[in-house]
Amino acid sequence: MSEIKNDYLNFLKIKHRVAVISGGSGRVGSVFTNLLLQSGCKVVCLSRSKKKFIEFKKKIKNKNNNLIWHKLDLKSQKSINLVSKIIKSKYKRLDLLVNNACDSNRGEYFKYNYKSLSSEFMGTSGGSIILTETLLPLLRKNNNSKIINVGSLWGFKSPKQSIYGNMQIGPSLITSSSKAGIINYTKFLSVREAKYKICVNCISPGWFPRKGPVENKKYINAIKKNIPLNRIGKLEDLVAPIFFLLSGGVTYYTGQNLIVDGGYSSW
């Protein structure tokens with residue numbers, strides 16, 4: 001992703017603040033992390049793989065000491081407790097929490113048992129809720145903290161499985177259900193935490209598929225036909241919406257789900 005323009009950064013007004021983001025070195029999470037780092041924030045990146053984090057860090061143009069990594073597995077209560085304890089010991093307060101991490105299965109007919117269902121639920125929404133509730137005391141200490149949850153188009157729309165053909169890479173039923181839960185948790189939390197002046201919002205990206213070694217043109221064309229703007233999303237398309245949610249001046253926008261899907265959900 002290219003460097004963020006200075007006019008964006010000047011408006012953010014979040015220098016010297018502390019942000020925690022789960023999955024901050026991933027595809028969507030990297031947009032948050034880059035924007036926060038370039039605005040002068042100290043960013044605590046939580047993820048399962050230190051190797052992937054190191055690879056991500058090498059690509060960042062502005063090298064500094066403001067990017068910190070800690071291991072987090074949302075499926076593990078022990079992991080959540082440990083990383084929360086570390087954050088609480090290092091910081092007296094937090095300004096921003098971004099719940100971006102997601103570990104989910106794929107396929108319309110993924111077969112569940114109690115263990116796999118519970119595991120995916122924790123990886124998609126349950127773990128994020130526990131992490132948020134644990135860190136809320138630090139966020140409540142400010143007058144303008146923010147919580148941003150990353151939802152999904154499939155949290156409020158049923159996926160057209162026919163688009164995926166025989167690939168079975170569409171969202172599972174728990175992914176869709178859990179993302180719906182994240183969207184509603186956003187609304188619930190925005191009302192409950194309003195007395196602490198915490199703004200809680202959600203961003204739901206639409207079609208932002210990874211580019212594989214060989215592009216499946218039939219698959220991409222099937223997606224485009226269902227999008228009014230007739231193209232799939234690029235990471236750059238997320239910069240302005242994410243910038244808006246992060247901006248220091250945005251203090252009267254809460255409990256909302258910002259949809260970035262090229263118009264897909266309008267049909």
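1. Two strands count as paired if DSSP finds at least two bridges between them. On that basis this predicted model holds an open sheet of seven strands, paired in parallel, in the order β3-β2-β1-β4-β5-β6-β7. The edges are taken by β3 (67-71) and β7 (257-260); each has a single partner strand, so one side of each is left without a neighbour in the sheet. On average, and with direction ignored, neighbouring strands of the sheet are turned by 20 degrees against each other.

2. The pairing of β1 with β2 can be followed residue by residue. Strand β1 covers residues 18-22 and strand β2 covers residues 42-47, and five bridges join them in the parallel sense. Val-18 stands opposite Lys-42 in β2, and Ala-19 has Val-43 of β2 as its bridge partner. Is β2 enclosed or open to the outside? Five of the six residues of β2 are buried, so the strand is largely enclosed by the rest of the structure.

3. Helix α4 (residues 77-90) lies across β1, β2 and β3, and runs at about 145 degrees to β3.

4. With its neighbours within four places in sequence left aside, Leu-67 is in contact with Thr-33, Leu-37, Val-43, Cys-45, Phe-53, Phe-56, Lys-57 and Ile-60.

5. The structure holds seven salt bridges. One of them joins Asp-95 and Arg-93, with 3.7 Å between the closest N and O atoms. The cut-off for buried is under 20% relative accessible area; Asp-95, at 8%, therefore counts as buried.

6. Glu-193 is buried, with 1% relative accessibility, whereas Arg-192 is partly exposed at 31%. These two residues belong to a network of salt bridges that also links Glu-133 and Arg-140.

7. Are the partners of the salt bridge between Arg-231 and Asp-237 buried or partly exposed? The side chains meet at 2.8 Å, N to O. Arg-231 has a relative accessible area of 34% and is partly exposed; Asp-237, at 26%, is partly exposed as well.

8. On aromatic residues, a search of the whole structure finds eight pairs. Phe-244 and Tyr-253 form one that is edge-to-face, with 5.0 Å from centre to centre and 75 degrees between the planes. Phe-244 is partly exposed, with a relative accessible area of 32%, and Tyr-253 is partly exposed at 23%. Elsewhere, Trp-154, Tyr-164, Trp-207, Tyr-219 and Tyr-264 form one aromatic cluster.

9. A last point concerns Ser-116, which has its place in helix α5 (residues 114-139). Is Ser-116 buried or exposed? Ser-116 has a relative accessible area of 19%; buried means under 20%, so this serine counts as buried. Its contacts, with neighbours within four places in sequence left aside, are Phe-110 and Lys-111.

Note on methods:
Residues are numbered from 1 along each chain as its sequence is written. This is a predicted model: local features need pLDDT of at least 70, side-chain atom pairs count only at pLDDT 80 or more; totals for chains, interfaces and linings use all residues. Side-chain values use heavy atoms; hydrogens and water are left out. Helices (H or I, at least four residues) and strands (E, at least two) are DSSP runs, numbered from the N terminus. Axes are lines fitted to C-alpha atoms, for helices over the stretch in contact, and angles run from 0 to 180 degrees between N-to-C directions. Contact means heavy atoms within 4.5 Å. A salt bridge is a side-chain nitrogen of Lys or Arg within 4 Å of a carboxyl oxygen of Asp or Glu. Buried means under 20% relative accessible area, exposed over 50%, partly exposed in between (1.4 Å probe, protein chains only). Rings of Phe, Tyr and Trp (its six-membered ring) pair if their centres lie within 6.5 Å; planes under 30 degrees apart count as stacked, over 60 as edge-to-face and the rest as tilted.
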